[in-house]
Amino acid sequence: MDTKLFKELGLEDIHGKIQAGERISVEEGERLFACPNVLAVGSLAHLVRRRMHGDAAYYVVNQHINYSNVCVNGCRFCAFGRKKGDSLAFELNVDDILNKVKARTDDPITEVHIVGGCHPDLPFSFYEEALRRIKTLRPEIRIKAFTAVEIAHFAKLEGISTREVLTRLKAAGLDMLPGGGAEVFSTRIRALLCPEKLSGQGWLDVAREAHQMGIKTNATMLYGHLETERERIEHLDALRRLQDETGGLVCFIPLPFQPANTQIKDAQPTTGVEDLKTMAVSRLMLDNVPHIKAYWVMLTVKLAQVALYFGADDFDGTVIEEKIGHMAGAESEQALTRRKLERIIREGGFRPVERDCFFNAVKRG
Amino acid sequence: METGRLLEKAALGERLSIDEAADIYGQADFFGLGQAAHSLRLRKHPDPVVTYVVDRNINYSNICVCGCRFCAFFRAPDQEGGYVLSREDLAGKIEETLGLGGTQILMQGGHHPTLPLSFYEEMLRFIKDRYPIHIHAFSPPEIVHFARLEGVDVRTVIERLRAAGLDSIPGGGAEILVDSVRKAVSPNKCSASEWLGVMEEAHHQGMRTTATMMFGHEEEPCHRLEHLLALRELQDRTGGFTAFIPWAFQPGNTSIRRSPETAVSYLRLLAVSRLVLDNFDNVQASWVTMGPKVAQLALQFGANDFGSTMIEENVVAAAGVHFRLSVREIRRIIEAAGFKPRQRTMAYGPVEESDRDQS
């Protein structure tokens with residue numbers, strides 16, 4: 001994209017800053033959102049993405065396990081959570097979880113991703129036992145489990161501090177926290193959509209504590225419901241400030257809200273251009289977060305491939321048995337094979353690199 | 001010339017040679033290609049309008065003697081599941097289309113082994129006698145097939161179909177307009193020059209047609225460019241094509257084993273098509289094969305038309321790909337991309353706003 005175009009779009013100054021590797025402000029982030037030319041915004045994000053990662057596009061061979069959909073929170077944007085006793089409620093016991101891991105012992109999985117609802121009465125020992133037994137079964141696997149929201153919930157239920165929760169889970173085998181539950185940090189939005197859930201500040205506090213204890217985390221943003229673009233930018237800015245402080249964020253994942261089967265029925269699904277612009281602005285705002293994920297479960301595989309040009313450097317994983325997005329009407333596949341993932345990345349013009357949950361390259365003999 | 005310069009030249013509407021087209025297709029960066037195609041689109045259509053048509057695909061029959069390897073829709077004459085649509089069903093489908101604010105039907109079928117030309121003439125008359133609807137029907141391979149079966153020339157077939165009510169000819173069955181590719185994937189279908197010959201004859205008779213390309217099966221990238229050049233050359237002579245519609249082969253349930261084209265390769269080809277086809281006004285995005293999200297981005301890669309609402313679509317669905325969009329959703333997607341949606345006719349003229357169904 002030539003300089004003339006950015007001048008025409010009134011983005012000359014931002015273009016200059018990006019080229020110089022300087023940080024853009026919240027107001028500049030808002031101007032990028034307002035820019036009608038999604039290719040121009042995308043090309044700026046691509047510049048940064050190439051500077052950081054060249055033509056690499058990462059993916060992970062992983063397994064998702066949702067231990068239960070029973071949840072005390074009742075967030076309005078969620079199609080997954082159920083109250084206890086609901087006919088569609090489920091909860092796995094530790095043996096069930098183990099069996100899911102065992103069922104895939106022949107697969108070269110490097111990461112298990114475990115999240116669930118905020119269950120009203122599962123004892124804390126359940127989670128510790130699950131982690132311990134997975135680690136015993138497959139010690140080489142990294143366990144990325146429990147969002148900040150679940151961590152705070154465990155602490156409340158058990159009557160202990162979040163620090164103690166994290167300490168005990170780490171001792172049981174926890175390697176990393178996923179980035180879920182961040183939604184949009186805005187108090188206004190959380191009051192509207194998920195009043196029972198851990199606050200935005202609470203989420204950031206748990207993440208900070210984890211980082212200080214040496215536990216890395218991801219971070220997400222659920223967008224496309226009732227939030228404004230300003231609230232998205234403020235969310236990104238809050239993460240950027242946390243990252244300046246701790247450096248513990250590994251990957252940021254923007255998630256388009258899927259309205260089907262949720263209580264926000266009048267919301268329209270996000271469109272492709274909006275998804276790509278959000279991806280690009282995230283890359284540009286989060287100059288200190290190493291990775292941006294195109295989560296194909298929510299974006300569709302086709303758009304996720306295109307998103308590799310709009311700031312994303314990670315294609316997520318092979319994902320077996322995803323439930324949360326699909327119960328909200330996500331129309332993507334349930335799983336992708338490694339071969340298929342690599343082909344899609346390569347045909348997009350990038351170099352596939354298999355990674356573990358910390359983004360270390362995985363060497364296969 | 002370096003690719004940057006070539007893109008600048010093409011964006012201004014200057015003609016690309018096949019070698020230059022190959023250079024940008026192979027080497028130009030993703031954003032440069034999109035931006036050049038979008039610039040050319042804006043030169044041709046300075047108003048930020050994206051058009052769409054409300055229509056229905058009606059497949060009057062799936063019985064076909066061609067047996068193309070890429071097709072999941074057809075049934076051989078002796079195979080179970082073959083049908084020829086009854087008049088009653090046909091009328092029902094058209095009434096439903098008109099009820100939904102539709103202005104045209106896209107009617108195509110297989111190469112039926114025995115139905116005489118009079119069958120098609122009667123079908124057209126049956127429709128025109130009853131309904132005020134534009135009939136966009138019979139792709140060139142069907143017309144060539146009718147001519148062979150009837151023992152008359154293509155010109156006579158088109159004259160007779162026109163007299164019976166045919167309004168325009170869809171650009172289907174072009175696949176890749178290179179005979180070596182056609183021999184491999186659709187050996188019993190009309191040749192590239194026969195396809196082009198039908199379109200030339202239709203244009204001479206004053207009919208408008210569209211042109212398609214189905215890519216991503218057994219062709220090489222250079223064959224795609226040859227296809228574009230053949231269309232450009234004919235358009236130079238006749239000016240009869242209204243639009244170009246590339247779409248990616250969907251391998252499900254067909255006898256070609258390969259992976260489908262990805263979104264990035266679709267967008268690249270779309271942009272190159274816009275730049276090479278400097279004498280085509282309209283380029284259509286394919287949400288039916290790429291999904292609404294990628295089709296929306298296609299509006300920044302040279303497309304100025306969002307295609308059809310496809311009240312009914314059977315051929316791509318037979319290959320296992322199902323996307324559905326309402327008129328309202330199409331309009332919302334177009335608006336979210338920064339364009340004004342406008343319902344059009346087959347000839348790409350506007351449909352009176354008062355006639356339009358908003359649902």
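Chain A and chain B touch, and the contact takes 25 residues from chain A and 21 residues from chain B. Two residues are in contact if their C-beta atoms, placed from the backbone, lie within 7 Å. On the side of chain B that touches chain A, the elements giving two or more residues are helix H3 (30–44), helix H11 (263–276), helix H12 (287–298) and helix H14 (327–336) of chain B. The largest share, 6 residues, comes from H12(B). By class, this side of chain B has 10 nonpolar, 9 polar and 2 charged residues. Here Ala, Val, Leu, Ile, Met, Phe, Trp, Tyr, Cys and Pro count as nonpolar, Asp, Glu, Lys and Arg as charged, and the others, Gly among them, as polar.

A word on the model and its labels. This is a predicted model, in which local features need pLDDT of at least 70, side-chain atom pairs count only at pLDDT 80 or more, and totals for chains, interfaces and linings use all residues. Residues are numbered from 1 along each chain as its sequence is written, while chains are lettered from A and ligands numbered from 1 in the order in which they are written. Helices (H or I, at least four residues) and strands (E, at least two) are DSSP runs, numbered from the N terminus.

Look into helix H12 of chain B, where Gly291(B) has its place. Is Gly291(B) buried or exposed? Gly291(B) is buried, with 21 other C-beta atoms within 10 Å. The rule is simple: a residue is buried if 20 or more other C-beta atoms lie within 10 Å of its own, exposed if 12 or fewer, and partly exposed in between, with C-beta atoms placed from the backbone. Leaving aside neighbours within four places in sequence, Gly291(B) is in contact with Thr300(A), Lys302(A) and Phe323(B).

Now find the sheet in chain B. Strands of a sheet pair through backbone hydrogen bonds, either parallel or antiparallel. This one is an open sheet of 3 strands in the order E8-E1-E9 (chain B), with parallel pairing. Two strands pair if DSSP finds at least two bridges between them. E8 and E9 of chain B stand at the edges with a single partner strand each, so one side of each has no neighbour in the sheet. The twist averages 20 degrees from one strand to the next. E1(B) and E8(B) run parallel and are joined by 2 bridges. Thr51(B) has Asp305(B) as its bridge partner in E8(B).

Helix H14(B) lies across E1, E8 and E9 of chain B, at about 145 degrees to E9(B). Axes are lines fitted to C-alpha atoms, for helices over the stretch in contact, and angles run from 0 to 180 degrees between N-to-C directions. Val327(B), Ile330(B), Arg331(B), Ile333(B) and Ile334(B) are buried in H14(B). They cover an arc of only 160 degrees around the axis, which puts them on the same side of H14(B). The arc is that of the directions from the helix axis to the C-beta atoms. What covers these buried residues includes strand E1 (49–53), H12, strand E8 (305–308) and strand E9 (340–343) of chain B. Just after H14(B), Gly338(B) takes a positive phi of about 95 degrees.

Move to chain A. An open sheet of 3 strands has the order E9-E1-E10 (chain A), and its pairing is parallel. Strand E9 (314–317) and strand E10 (351–354) of chain A are at the edges, each with a single partner strand, so one side of each is left without a neighbour in the sheet. Neighbouring strands are turned by 25 degrees against each other on average, direction ignored. Strand E1 (residues 56–60) of chain A pairs with E10(A) over 4 bridges. Helix H16 (residues 338–347) of chain A packs on the sheet, touching E1, E9 and E10 of chain A.

Elsewhere in chain A, strand E3 (residues 111–115) and E4(A) run parallel, joined by 4 bridges. Glu111(A) has Arg142(A) as its bridge partner in E4(A). Both faces of strand E4 (residues 142–145) of chain A are covered: Arg142(A) and Lys144(A) on one side and Ile143(A) and Ala145(A) on the other are all buried.

Glu183(A) has a positive phi of about 45 degrees although it is not a glycine. Glu183(A) counts as buried, with 27 C-beta neighbours inside 10 Å.
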